[in-house]
Amino acid sequence: MSDGRDAMMVGRSTDGRLVQRPLSPHLQIYKPQISSALSIFHRITGIALSAGALLLVCWLVAAAGGDAAYDGFSGFLRSWFGVLLLFGWTVALWYHFCAGLRHLAWDAGYGFDLPTMHRSGIAVLVGTALLTVLTWIIAIIVW
Amino acid sequence: MNQTAKPSAPHLRVMRSQLGRVRGLGAARAGTEHWWAERLTSVALVPLTLWFIYAALHLSGLPRAAVAHWAGNPINTALLVALVLITFRHLQLGLQVVLEDYVHHEGIRTASVLLLRGAAGLLALIGVLAALKLAFTG
């Protein structure tokens, strides 16, 4: 028994033999491109944001815990390490946000052709940079 | 896919039952629901994230009493609870795919996916209860 997906996995080698196609590209022979780089960044920022969600819970627990706990946590966020964490968090957040919107457009069936895909990829990078800078300009003004 | 098939004679093996094919189901378990839940939560997180960034900038530098007053507004309470619940659901769905991709030993994979589910659920619960305590008791 076979079905469409299995039939698609069969190809011919250059000398005409029937072969099974590999399941995924081999990274060591795969040329780095904007598509693959942005794809793995989406996953990396997703993992980083999962750690960032811990910050959100810590903030809520500190706020529910009383003035001393809240001042302690706020002080940590204002230390150089806390600011570094927050900066990394905003970069990852805006990247995952922009790239996520791109993924949703793909899911809806838009933007698959290569020129559009390259343009939207660059838009994700530019959008991440602009939104991160904008967030920190506002943060510094209201600080 | 049969990995041991000779290159000259590909062997086709289908891991779906006839009933599963008719119903459009995958190999097993709940792939479609997982995929769809990840998309739904991501759509919900678009406005919630924008709201939270706005709120975080607004609350930056304010004393705890002001934060509690802000959280006590029912709209903020509801959005905060929704943000925590949907964020942890989304990250659990996403990290589960990462584990399924990279953890090859089936027992360790199943255990880590279950551990992830437990940890995400517990952290979401802590976040929600802290938000409610902050909102209701100040």
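This is a predicted model: local features need pLDDT of at least 70, side-chain atom pairs count only at pLDDT 80 or more; totals for chains, interfaces and linings use all residues.
Which residue follows α4(A), with a phi that is positive? That residue is Gly109(A), and its phi is near 100°.

Within chain A, confidence is lowest in helix α1, residues 4-8, where the mean is 70, and it is highest in α4(A), at 96.

Let me take the overall layout of the two chains. Chain A has five helices and two strands, and along the sequence these elements follow the pattern α-β-β-α-α-α-α. With a radius of gyration of 22 Å, well over the 15 Å that the globule rule gives for 143 residues, chain A is more spread out than a compact globule. Its C-alpha trace spans about 75 × 35 × 30 Å along the principal axes, and buried residues make up 20% of the 143 residues in the chain. Of the contacts in chain A with a separation of 6 or more, 59% are accounted for by residues 24 or more positions apart.

Chain B, by contrast in its elements, has five helices and zero strands, which read along the sequence as α-α-α-α-α. Here buried residues make up 19% of the 138 residues, and residues 24 or more positions apart account for 67% of the contacts with a separation of 6 or more.

Now to the place where the chains meet. The contact takes 33 residues from chain A and 33 residues from chain B. On the side of chain A that touches chain B, at least two residues come from each of β2 (18-20), α2 (34-65), α3 (67-78), α4 (80-107) and α5 (114-142), and α2(A) gives the most, with 11 residues.

The next topic is the nonpolar core. The largest one has 34 residues, and those with the most contacts inside it are Leu60(A), Ala63(A), Val84(B), Phe88(B), Ala131(B) and Leu134(B). The elements that give two or more residues to this core are α2, α3 and α4 of chain A, along with α3 (64-72), α4 (74-102) and α5 (106-137) of chain B, and α2(A) gives the most to the core, with nine residues. Setting aside residues up to four places away in sequence, Leu60(A) touches Gly127(B), Ala130(B), Ala131(B) and Leu134(B).

Trp59(A) is 38 residues from Arg21(A) in sequence, and the two are 49 Å apart in space, C-alpha to C-alpha.

In chain A, the 28 residues of α4(A) should span 40 Å at 1.5 Å a residue, and the end C-alpha atoms are 40 Å apart, which agrees. The buried residues of α4(A) are Thr90(A), Ala92(A), Leu93(A), Trp94(A), Tyr95(A), His96(A), Phe97(A), Cys98(A), Ala99(A) and Gly100(A), and these pack against α2 and α5 of chain A together with α2 of chain B.

In chain B, the 29 residues of α4(B) should span 42 Å at 1.5 Å a residue, and here too the expectation agrees with the model, in which the end C-alpha atoms are 42 Å apart. The buried residues of α4(B) include Leu80(B), Leu83(B), Val84(B), Thr87(B), Phe88(B) and His90(B), and two of these, Val84(B) and Phe88(B), are among the residues with the most contacts inside the largest nonpolar core. What covers the buried residues of α4(B) includes α2 of chain A, together with α2 (31-59), α3 and α5 of chain B.

Terms used. Residues are numbered from 1 along each chain as its sequence is written. Chains are lettered from A and ligands numbered from 1 in the order in which they are written. Two residues are in contact if their C-beta atoms, placed from the backbone, lie within 7 Å. Helices (H or I, at least four residues) and strands (E, at least two) are DSSP runs, numbered from the N terminus. pLDDT is the predictor's confidence in each residue, from 0 to 100. A nonpolar core is a set of buried Ala, Val, Leu, Ile, Met, Phe, Trp, Tyr and Cys residues joined through C-beta atoms within 7 Å. A residue is buried if 20 or more other C-beta atoms lie within 10 Å of its own, exposed if 12 or fewer, and partly exposed in between; C-beta atoms are placed from the backbone. The expected span of a helix is 1.5 Å times one less than its number of residues. The radius of gyration is taken over C-alpha atoms; the globule rule is 2.2 Å times the number of residues to the power 0.38.
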